[in-house]
Structures are given as structure tokens and as C-alpha cells.
Amino acid sequence: MKITICAVGRLRKGPERELIDDYLSRFEKTGRAYGLGPASIVEVEDKKGLGQGAEAELLARAIPDSSVIVTLDERGSLISSPDFARKIEGWRDGARDITFVIGGADGIEPGLRDRAEFSISLGKMVWPHMLARVMLAEQIYRAGQIIAGTPYHRA
Ligand SMILES: C[S@@+](CC[C@H](N)C(=O)[O-])C[C@H]1O[C@@H](n2cnc3c(N)ncnc32)[C@H](O)[C@@H]1O
């Protein structure tokens with residue numbers, strides 16, 4: 001079951017990228033035996049600075065066909081890590097790939113938001129999109145650990 005994070009903006013080498021790469025590669029290692037992964041990031045860049053609509057077109061093109069679209073949005077659902085793990089398990093059991101979408105400075109265009117099957121909030125505060133990527137990568141890793149039954153997640 002493929003997991004893709006489609007995100008606006010290029011993340012240069014640095015601590016955020018290292019964390020994301022580390023969480024996603026650890027997720028793939030644990031997840032393989034449970035039908036989870038591979039996990040990758042697709043970055044899109046609105047080079048002409050045309051804004052939310054142009055970003056939405058680039059994101060829509062990068063979203064793999066027939067995958068479940070899950071937006072990251074401060075207005076989304078607040079769910080616990082175990083519930084997030086159960087959702088991932090459910091999509092895996094339904095043979096669905098998952099695409100997480102992270103917007104740019106102006107957020108995700110409403111038309112693309114409407115296409116999402118689910119939307120996750122990382123809290124009511126707004127985070128920089130680079131940090132939202134790190135937090136999502138950690139939660140994907142944590143979900144893998146919960147599904148594998150390791151002691152990483154402690155409620
Ligand atoms: C700087 S934020 C954009 C905020 C924008 N004002 C909006 O209306 O969405 C960039 C991206 O980071 C992600 N993000 C930031 N804070 C978030 C939160 N609390 N929950 C979920 N995603 C968040 C979202 O994908 C958002 O599109």
C-alpha cells in the first residue's frame with residue numbers, strides 16, 4: 001500500500017528533511033511485514049507564484065490515480081494516533097493507496113479540499129508547512145509501530 005505525501009514547496013537539506021527521511025524509512029522497514037509502504041514525498045512548486053489555484057493544479061497532477069486523498073488542514077478532524085493507525089489499517093485492508101496533501105502559505109484550495117475523503121488537523125494552531133510534513137511523517141511512523149504492536153506508542 002503506497003503512501004505519498006504531496007506537498008507544496010521544496011525542502012532543502014537540513015534537520016526537517018533528515019527527520020522526514022528517517023521517519024519514513026523506519027516506517028517502511030517496520031511496515032513491510034504488515035503490507036504498509038512504500039512511503040515517499042512528491043514536492044510541487046508554483047515557480048511563477050500564481051497562488052493557491054496553480055498549486056492545486058500541480059498537486060492534483062501529482063496525486064496518484066484512485067488513491068485516498070487525505071488533506072492536512074487546521075479545520076480537519078482531531079484524531080488520536082491509535083485512531084489514525086486504525087484508519088491506515090482500514091485503507092490497507094481495502095487495498096487503497098493513500099495520498100496526504102499539505103498546502104502552501106495560503107492553504108489548500110477549496111476545490112481540492114472537497115475531493116478529500118478525510119482531513120486531519122494537527123491542532124487549531126497553524127504550523128509552517130515544513131513542520132506539518134515532519135509531524136505527519138512521525139505520525140505515519142507511529143501508526144506503523146501501533147499496527148506492528150511495538151511499545152513505541154504509549155497512551
Ligand atoms: C502555513 S499553512 C497554511 C495555513 C492557511 N492559512 C490555511 O488556511 O490552511 C501550510 C499548510 O500546512 C498544513 N498545516 C498547517 N497547520 C496545520 C494544522 N494545524 N493542522 C493540519 N495541517 C496544518 C496545511 O496542509 C496547510 O495547508
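**Close-up views of a predicted model**

View 1. Thr71 stands opposite Ser119 in strand 5. Strand 3 and strand 5 run parallel and are joined by four bridges; two strands pair if DSSP finds at least two bridges between them. Helices (H or I, at least four residues) and strands (E, at least two) are DSSP runs, numbered from the N terminus. The model is predicted: local features need pLDDT of at least 70, side-chain atom pairs count only at pLDDT 80 or more, and totals for chains, interfaces and linings use all residues. Residues are numbered from 1 along each chain as its sequence is written. Thr71 also has a bridge partner in strand 4, namely Val101. From strand 3 the chain passes through helix 3 to strand 4, in a β-α-β crossover that is right-handed (with the strands pointing away from the viewer, the path from the first strand over the helix to the second runs clockwise). Strands 3 and 4 run parallel, with four bridges between them.

**View 2. Strand 1 beside strand 2.** These two strands run parallel and are joined by six bridges. Within the pair, Ile3 stands opposite Ala39 in strand 2. The β-α-β crossover that leads from strand 1 through helix 1 to strand 2 is right-handed.

**View 3. The largest nonpolar core.** A nonpolar core is a set of buried Ala, Val, Leu, Ile, Met, Phe, Trp, Tyr and Cys residues joined through C-beta atoms within 7 Å. A residue is buried if 20 or more other C-beta atoms lie within 10 Å of its own, exposed if 12 or fewer, and partly exposed in between, with C-beta atoms placed from the backbone. The largest such core holds 36 residues, of which Phe100, Val101, Ile102 and Ile140 touch the most other members. The elements that each supply at least two residues of this core include strand 1 (3-8), helix 1 (15-31) and helix 5 (129-148). Helix 5 gives the most, eight residues. Leaving aside residues up to four places away in sequence, Ile140 touches Ile3, Tyr23, Phe27 and Ala39; contact requires C-beta atoms, placed from the backbone, within 7 Å.

**View 4. The shell around the ligand.** Of the 18 residues around the ligand, Leu72, Glu74, Gly103, Gly107 and Leu122 come nearest (a residue is near a molecule or strand if its C-beta atom, placed from the backbone, lies within 6 Å of it). Strand 3 and helix 5 are the elements that give two or more residues to this shell. The largest share, three residues, comes from strand 3. By type, the shell residues are ten nonpolar, five polar and three charged; Ala, Val, Leu, Ile, Met, Phe, Trp, Tyr, Cys and Pro count as nonpolar, Asp, Glu, Lys and Arg as charged, and the others, Gly among them, as polar.

**View 5. Residues in loops.** Pro38 lies in the loop between helix 1 and strand 2, and a cis peptide bond with omega of about 5° joins Gly37 to Pro38. Ser66, in the loop between helix 2 and strand 3, has a positive phi of about 60° although it is not a glycine. Ser66 counts as exposed because it has 9 C-beta neighbours inside 10 Å. Ala95, in the loop between helix 3 and strand 4, has a positive phi near 55° and is likewise a residue other than glycine. Ala95 is exposed, with 9 other C-beta atoms within 10 Å.

Definitions and conventions. Contact = placed C-beta atoms within 7 Å.
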